[in-house]
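Here's a quick briefing to read with the model open next to you. Skim the lead, then pick the topic you care about.

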Amino acid sequence: MSDRQCTVLLYSDDPQVRDRMRLAVGTRPAPGLEIEFVDAATYAECIRLVDDYEIDLMLLDGEASPGGGIGIARQIKDDRDDAPPTCVVIARPADRWLAAYAQVDATLVHPLDPVTTGTTVAELLRTHAAA
């Protein structure tokens, strides 16, 4: 049985945050899943990648500036019927209400725990594949 190839979009204005997200997810977050990453540093890049590629999951930095991941998640969910599942990384657990308003599928909290991050990403990818 071969691994399922999934494309995960990493969004943050800070390349170090994108690197930390990539490391926390890993290229094989669960048996049967292999991850390819594409990076976006701006809102425009994020939209272009969602439009041009088959993105299986968006992992967005809620603390990015000037366009935060929560706002980008809401915009994509509003604009597209086929929006990929979305996970937003936030700095304060209290911001989960805002992420819920933006219709994100999951939240993670900085600093990222690799076990929680990998499990969350794998669950979102498997749930989306089954839908």
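In what sense do β3 and β4 pair, and over how many bridges? They pair in the parallel sense, over 4 bridges, where helices (H or I, at least four residues) and strands (E, at least two) are DSSP runs numbered from the N terminus, and two strands pair if DSSP finds at least two bridges between them.

Some ground rules: this is a predicted model, where local features need pLDDT of at least 70, side-chain atom pairs count only at pLDDT 80 or more, and totals for chains, interfaces and linings use all residues. Residues are numbered from 1 along each chain as its sequence is written, and side-chain values use heavy atoms, with hydrogens and water left out.

**The sheet**

- The 5 strands form an open sheet in the order β2-β1-β3-β4-β5, with parallel pairing.
- β2 and β5 (106-109) sit at the edges with a single partner strand each, so one side of each has no neighbour in the sheet.
- Neighbouring strands of this sheet are turned by 25° against each other on average, direction ignored; axes are lines fitted to C-alpha atoms, for helices over the stretch in contact, and angles run from 0 to 180 degrees between N-to-C directions.
- β1 and β2 pair in the parallel sense over 8 bridges, and Leu-9 stands opposite Val-38 in β2.
- In the β3 and β4 pairing, Leu-60 stands opposite Val-88 in β4.
- β1 is largely enclosed by the rest of the structure, because 6 of its 8 residues are buried (buried means under 20% relative accessible area, exposed over 50%, partly exposed in between, with a 1.4 Å probe and protein chains only).
- Glu-36 is in strand β2 and counts as partly exposed, at 42% relative accessibility.
- Leaving out residues up to four places away in sequence, Glu-36 touches Gln-5, Cys-6, Thr-7 and Val-8; contact means heavy atoms within 4.5 Å.

- α1 (15-25) lies across β1, β2, β3 and β4, running at about 175° to β2.
- The buried residues of α1 are Val-17, Arg-18, Met-21, Ala-24 and Val-25.
- They cover an arc of only 125° around the axis, which puts them on the same side of α1; the arc is that of the directions from the helix axis to the C-beta atoms.
- Gln-16 and Leu-23 are exposed on the other side of α1.
- As background, an α-helix has 3.6 residues a turn, so residues three or four places apart point the same way.
- Asp-14 caps the N-terminal end of α1, with a side-chain oxygen 2.8 Å from the backbone nitrogen of Gln-16.
- Just after α1, Gly-26 takes a positive phi of about 80°.
- Pro-31 is in the loop between α1 and β2 (33-40) and is exposed, with a relative accessible area of 75%.

**Helix α3 and Lys-77**

- In α3 (residues 69-79), the buried residues are Gly-69, Ile-70, Ile-72, Ala-73, Ile-76 and Lys-77.
- Their arc around the axis is only 165°, which puts them on the same side of α3.
- They pack against β1 (4-11), α2 (43-52), β3 (57-61), β4 (86-90) and α4 (96-101).
- Lys-77 is buried, with a relative accessible area of 17%.
- The Lys-77 side chain makes a polar contact with the side chain of Asp-105 (2.9 Å); a polar contact is a pair of N or O atoms within 3.5 Å, where within protein one must be able to donate a hydrogen and the other to accept it, and residues adjacent in sequence count only if both atoms are side-chain atoms.
- Not counting residues up to four places away in sequence, Lys-77 touches several residues, including Ala-83, Thr-86 and Gln-103.

- A cis peptide bond joins Ser-65 and Pro-66, with omega about 5°; Pro-66 lies in the loop between β3 and α3.
- Another cis peptide bond joins His-110 and Pro-111, with omega about -10°; Pro-111 is in the loop between β5 and α5 (114-130).
- Gln-103 has a positive phi of about 65° although it is not a glycine, and it lies in the loop between α4 and β5.
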